[in-house]
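Please read the following briefing alongside the sequence and the coordinates.

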Amino acid sequence: MFEATSIHDADFDKIILKDVTANTSVEIIPGCGAILHAFTIVHNDALLNVIDSYENTADFKNNVTAKGFKSCKLSPFVCRIKNATYNFGEKQYTTEKFLLNGNALHGLLYDAVFTVKEKWTDANNACVVLEHQYNATENGYPFKYTCTVTYLLKKENVLTITTTITNDDEGLIPVQDGWHPYFSFGGSIDELQLEFQSKEIMVFDEALIPTGELLPYEEFGSLKKIGLTEFDNCFTVNFSECQPMCVVRDAAQKIQVEIHPERSYPYLQIYTPHHRKSIAIENLSGAPDAFNNGMGAMVLSTGSSSTFITTYKITLLP
């Protein structure tokens, strides 16, 4: 049995998708960028949420940038744009919604209000469809488009998130897409094991802008303790390897999160915050600064769409 309900409380207005039989639930906050607020399962006779998120709406609105854009939708660009400036067609554009050291960060929809377009359930699924219509409100991105996000909770602790970008403008528009979730099992990430299937690591400059150089990287091609490793890096994904593409495992608690992106997300960004209580694992359709370097940048014609899909699965280990 599955449920999809709207909840209004003092902290958030949220949508809850629930597998009633397993007592697995997903919480989404439409008014705060359609973020994934919680992915909760029963573990050791208690509820465990593997998503590091915000305390309430005020915390989100006041601290979304200070707290690392946790769980945010990255659209219409991901990570950084060098000097907040790019050329498209015969024009130059400069975006200023959020700048760090002069570079634009994490797109324009991270704090957007999404509208609930549809909720449904059946014997095997619970689903909500959210939508935001971007009306060219930022001078640095004067292109209209619709972002539709579908959360689908399935049996066995499986959550698939599908994003569709539709060009509502009168001409071509540049786009990227990504997600920025932080995962945690309640302790330090130093004790966790990590595995991800990569081909290369991007060489960044001091401002975390790709230089264009790619180096072979397979250091975490099998499960390896994170320890004191620090990440703020982007990798090309090796889709020739079997899924899951990425695993974060707590061996002591015998639980892991698996990430299964489709080929629409060929880049993976990983970030370890200084507090080391969670780890950001970001599926990206393009590289940082793609509007300038072209690595994964897409162009949509009027009325056309592009879809991006990733799946998270929580697995209890024997």
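Tyr 265 has a relative accessibility of 0% and therefore counts as buried, the cut-off for that class being under 20%. These values come from a predicted model, and Phe 308, at a relative accessible area of 1%, is likewise buried. Tyr 265 and Phe 308 form a tilted aromatic pair, with 5.9 Å from centre to centre and 35° between the planes. This pair links distant parts of the chain, since Tyr 265 lies in the loop between β25 (255–261) and β26 (267–271), while Phe 308 belongs to strand β29 (residues 305–316), 43 residues apart.

**Aromatic pairs and clusters**

- A pair of aromatic rings is described by the distance of the centres and the angle of the planes.
- The structure holds 24 aromatic pairs, and in one of them the rings of Phe 196 and Phe 235 have centres 4.8 Å apart and planes at 55°, so that this pair is classed as tilted.
- The pair of Phe 196, in strand β19 (residues 193–196), and Phe 235, in strand β23 (residues 232–237), also links distant parts of the chain, the two residues being 39 residues apart.
- Phe 196 and Phe 235 are both buried.
- Ring pairs also link a cluster made up of Phe 77, Tyr 86, Phe 88, Tyr 93, Tyr 134, Tyr 141, Phe 143, Tyr 145 and Phe 291.

**Charges over rings**

- The charged end of Lys 70 sits over the ring of Tyr 54, at 5.0 Å from the centre of that ring.
- Lys 97 lies over the face of Tyr 110, with a distance of 4.7 Å to the ring centre.

**Strands and sheet**

- The protein chain has two helices and 29 strands.
- Strands of a sheet pair through backbone hydrogen bonds, either parallel or antiparallel.
- Nine strands form an open sheet with antiparallel pairing, in the order β12-β13-β14-β15-β29-β25-β24-β19-β22, and its edge strands, β12 (115–121) and β22 (224–225), each pair on one side only.
- Within this order β15 stands next to β29, and nine bridges join strand β15 (residues 158–167) to β29 in the antiparallel sense, with Ile 165 having Ser 306 of β29 as its bridge partner.
- Strand β4 (residues 35–43) and strand β5 (residues 46–49) pair in the antiparallel sense over four bridges, and the bridge partner of Thr 40 in β5 is Asn 49.
- β4 and β5 form a hairpin with two residues between them, and Asn 44 in the turn has a positive phi of about 55°.

**Overall dimensions, contacts and surface**

- Along its principal axes, the C-alpha trace of the protein chain spans about 60 × 45 × 35 Å.
- Buried residues make up 56% of the 318 residues in the protein chain, and Tyr 265 and Phe 308 are among the buried ones.
- Of the contacts in the protein chain between residues at least 6 apart in sequence, 64% join residues at least 24 apart.
- The protein chain exposes about 13,400 Å², of which carbon and sulfur atoms supply 47%.

Methods:
Residues numbered from 1 in each chain as written. Predicted model: local features only at pLDDT ≥ 70, side-chain atom pairs only at ≥ 80, totals over all residues. Heavy atoms only, no water. Phe/Tyr/Trp six-rings, centres within 6.5 Å; stacked < 30°, edge-to-face > 60°. Buried < 20%, exposed > 50% of the residue type's maximum accessible area, 1.4 Å probe, protein only. Lys NZ or Arg CZ within 6 Å of the ring centre and 35° of its normal. Contact = heavy atoms within 4.5 Å. Areas by Shrake-Rupley, 256 points an atom, 1.4 Å probe, with all protein chains shown as cover. Pairing = 2+ DSSP bridges.
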